[in-house]
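I opened the notebook today to look up a few side chains and who their neighbours are. Here are my entries, in the order I made them.

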Amino acid sequence: MTIQSITKPLIVLLTAAAILATPPAREWLFEMIRILSSLDIDKVRTYILSFGLWAPLVSGLLMVIQAVAAPLPAFILTFANAAIFGWWQGALLSWSSAMIAATLCFFISRWFGREGVARLTSHFALDQVDDFFLKSVYFRESRPVGNE
């Protein structure tokens, strides 16, 4: 084992421990997970609206958290955003938050590498992703592009 292989998980573990050791952050996180797990759009809508002017920021943060840390469905937040902010503003907020979350997930996977991702997910899920990308690359390379 190298120092680098120990340092990265240790940083993540210490950060998570610091967040969970802070009572307001821990309570907010557990409440958010409980509300999103209910799959009730009205509860999610009420929860987001309870933040007043901070509602768009909180909604975006929830979208990022659900993508990175919790296996919760994003469609609940997307529907709640549409109900709160209107269909196009809600769609824009949901889409931009999802892009931020995807970027963060990309950098997390780049930082930890395939071994880290393999530890966080099942081998079945990783094999499915591998198969999908192998088929996508094969399909793209086997089809003529343009007038060639």
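Entry 1: In which helix is the place of Trp-88? I found Trp-88 in helix H6, which covers residues 87–120. A reminder to myself: this is a predicted model. I then looked for nonpolar surface and noted a patch of about 670 Å², made by Trp-87, Trp-88, Leu-92, Trp-95 and Met-99.

**Entry 2: the core.** The largest nonpolar core has 16 residues. I wrote down those with the most contacts inside this core: Met-32, Leu-36, Val-44, Tyr-47, Ile-48, Leu-62 and Leu-77. Helices H2 (23–37), H3 (41–49), H4 (55–68) and H5 (74–85) are the elements that give two or more residues to the core. Which of them gives the largest share? I noted H4, with five residues.

**Entry 3: Leu-62.** Leu-62 sits in helix H4. Is Leu-62 buried or exposed? Its relative accessibility is 1%, so I put Leu-62 down as buried, the cut-off being under 20%. Leaving aside residues up to four places away in sequence, Leu-62 touches Trp-28, Met-32, Tyr-47, Ile-48 and Leu-77.

**Entry 4: Val-44.** With residues up to four places away in sequence not counted, Val-44 touches Ile-35, Leu-36, Ile-76, Leu-77 and Ala-80.

**Entry 5: aromatic pairs.** How many aromatic pairs are there? The count came to three aromatic pairs, and I wrote up two of them.

- Tyr-47 and Phe-51 have ring centres 5.3 Å apart and planes at 90 degrees; angles over 60 count as edge-to-face, so that is what I called this pair. Tyr-47 is buried at 7% relative accessible area, whereas Phe-51 is partly exposed at 26%.
- Phe-106 and Phe-107 also form an edge-to-face pair, with 5.3 Å from centre to centre and 75 degrees between the planes. Phe-106, at 44% relative accessibility, counts as partly exposed.

**Entry 6: a cross-check.** I went back over Tyr-47, which turned up several times. Tyr-47 is among the core residues with the most contacts, is touched by Leu-62 and pairs edge-to-face with Phe-51.

Methods. Residues numbered from 1 in each chain as written. Predicted model: local features only at pLDDT ≥ 70, side-chain atom pairs only at ≥ 80, totals over all residues. Heavy atoms only, no water. Core = buried A, V, L, I, M, F, W, Y, C linked by side-chain atoms within 4.5 Å. Buried < 20%, exposed > 50% of the residue type's maximum accessible area, 1.4 Å probe, protein only. Helix = DSSP H or I, 4+ residues; strand = E, 2+ residues; numbered from the N terminus. Contact = heavy atoms within 4.5 Å. Patch = residues over 30% accessible without salt bridge, like charges linked within 9 Å, V, L, I, M, F, W, Y side chains within 5 Å. Areas by Shrake-Rupley, 256 points an atom, 1.4 Å probe, with all protein chains shown as cover. Salt bridge = Lys/Arg side-chain N within 4 Å of Asp/Glu carboxyl O. Phe/Tyr/Trp six-rings, centres within 6.5 Å; stacked < 30°, edge-to-face > 60°.
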